[in-house]
Amino acid sequence: MSGATEHKPAGFDAVVRYLLTKRPELTSIDPDLDLVENRILDSLGFVNFLYVLEEQTGEEILMEHVTPSDFRTINSIRKRFFHESE
Amino acid sequence: MNIEAKPWTRPAAPRGPEGWLDSLRDLLVIPPELRDEWVEREAALELLQCGPEILDELLRAGLPHGGTPGAERFDRFDLVNLALYSGSGTSVPEKTMRYALRWMHADPEALFRPQRWNYSVALTPPAAHGEGEPERTDWNLATPHPELSGGWTESLSIGPEGASLGEKDITASGTSGLTASGVLVTSGERREIVSERLREIVTSYGPDRFRWGRMPEELQWRKDEVLAQGYAPCISVCLELAERCREAGFEARTRRGWIMGMLDLAHSWLEVVDEDGLVKNVDPAFVILADHHAEAPHPDIAQAFTGSLLNRLLPTEHHADEPVNGYRRGGLFAHPRHQTDIQLSAEQPAPRETAGAGNGSGT
């Protein structure tokens, strides 16, 4: 076991980190960037993203409680799932 | 009926390469006239999550594809159905299905109470048609009828100006699109099949013999071809059951609508008049999905899908083989692009006396 401590991001930061793995050439994501149009979120990755969101919010996300617009931008994700203002 | 595919049972533990090869052996291959091989190898690997070695093994074993070696292209439905019955547990279709079917874990009583939904549908021209020549277009969208299962319409707005609200369809002509939005309340009612003969018929396409699959609507209409391969998607199985019920003397019809809270998913089920005079709704596709793909289905859920009316469904006057929306330009039909948002309302209705869900002979 090494003595080094690895700081894993948690909560909202972990969600952003996960989205960045979808487009490795990006170092950051504009909070108002359309995640679908810019191919950061697509149908293939959507369910995995939901599981990440549930893990980081600690809450179950039911399909009947969400709309596609909830996932459109970093800001909309933060407002809808982390209850934070922009 | 001689079914080609072996019965599928959910594996107790994730399966390896042999699970993929078994799934390929029983795959319903989308026929040439309906195939669309546009999924590239990289996207296929992302969807299947099986790794390149297994994909190459599947290719050697005959997984249908186009393209060239190393740059193969696949049909999306083939890949989804291959993954669903691979038993890998990690493919995107398996995970998506587990997620989407969580509502089947709850006590079925939750399916019978009134629920209020914010409903919004927007139709736009098919991508291939662009925005030109709206004067030659005709649009239709199935009119929602929540009252057929004991619900009601609180509000419904349609557009653009000139759109017409009919019993069967909302229609518009010479426009660049069609919209409908409002607040709908769906409801349900626990009902059970009384007639032994009817029960025998409607449970004969269960998960012990059939599997569910994703495929174009046009293929589902060819029910004999689909069922013979061991697949019972909602349209095919309802069309078959309606025929068999009528042959046995029961008044029956198929009905098309939407599954609520699934973002955008049309569905079909059977309505049949039982010997007690009540309409019973039968949803064999839900029974199969619960058994094969829900993570922890409630033990009584299959019974709820065999007779009861459900608040999870939004009925229309369309039959199973009628698309819920349509677009015609110069008289030629095409599937329009559509965005359907159906979200549970923040405020739920108070318990209300209704005149009786679905009544006696609503077929």
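**View 1. The side chain of B:Ser86 and its polar partners in the predicted model.** In this predicted model, the side chain of B:Ser86 makes a polar contact with the side chain of B:Glu94, at 3.4 Å. The side chain of B:Ser86 also reaches a backbone atom, the nitrogen of B:Ser88, at 3.1 Å. To find the place in the fold, look for the loop of chain B that runs between α4 (76–84) and α5 (92–100), where B:Ser86 lies.

**View 2. The surroundings of B:Ser86.** Is B:Ser86 buried or exposed? With a relative accessible area of 1%, B:Ser86 counts as buried, because the limit for that class is under 20%. When its neighbours within four places in sequence are left aside, the residues in contact with B:Ser86 are B:Arg15, B:Gly19, B:Trp20, B:Ser23 and B:Glu94. The view also takes in B:Asp22, whose C-alpha is 7.2 Å from that of B:Ser86 in space, although 64 residues separate B:Asp22 and B:Ser86 in sequence.

**View 3. The interface between chain A and chain B.** Here 16 residues of chain A are in contact with 16 residues of chain B, and the area buried between chain A and chain B is about 1,700 Å², with carbon and sulfur atoms giving 59% of that area. On the side of chain A, the residues that lose the most area to chain B are A:Leu44, A:Met63 and A:Glu64, which together account for 40% of what that side buries.

View 4. How many salt bridges does the rule find across the interface of chain A and chain B? The count is 3 salt bridges, and a salt bridge joins the side chains of A:Glu54 and B:Arg102, with 2.5 Å from N to O. Between chain A and chain B there are also 7 residue pairs in polar contact, counted where both residues have pLDDT 80 or more. Sorted by class, the side of chain A that touches chain B has 9 nonpolar, 3 polar and 4 charged residues.

**View 5. The fold of chain A.** Chain A has 3 helices and 0 strands, and along the sequence its pattern reads α-α-α. Of the 86 residues in chain A, 45% count as buried, while the chain exposes about 5,200 Å², of which carbon and sulfur atoms supply 49%. If one takes the contacts in chain A between residues at least 6 apart in sequence, 53% of them join residues at least 24 apart.

Terms used. Residues numbered from 1 in each chain as written. Chains lettered and ligands numbered in written order. Predicted model: local features only at pLDDT ≥ 70, side-chain atom pairs only at ≥ 80, totals over all residues. Heavy atoms only, no water. Contact = heavy atoms within 4.5 Å. Buried area = accessible area lost by both parts, 1.4 Å probe. Salt bridge = Lys/Arg side-chain N within 4 Å of Asp/Glu carboxyl O. Polar contact = N/O pair within 3.5 Å; in protein donor to acceptor, adjacent residues only side chain to side chain. Nonpolar A, V, L, I, M, F, W, Y, C, P; charged D, E, K, R; others polar. Helix = DSSP H or I, 4+ residues; strand = E, 2+ residues; numbered from the N terminus. Buried < 20%, exposed > 50% of the residue type's maximum accessible area, 1.4 Å probe, protein only. Areas by Shrake-Rupley, 256 points an atom, 1.4 Å probe, with all protein chains shown as cover.
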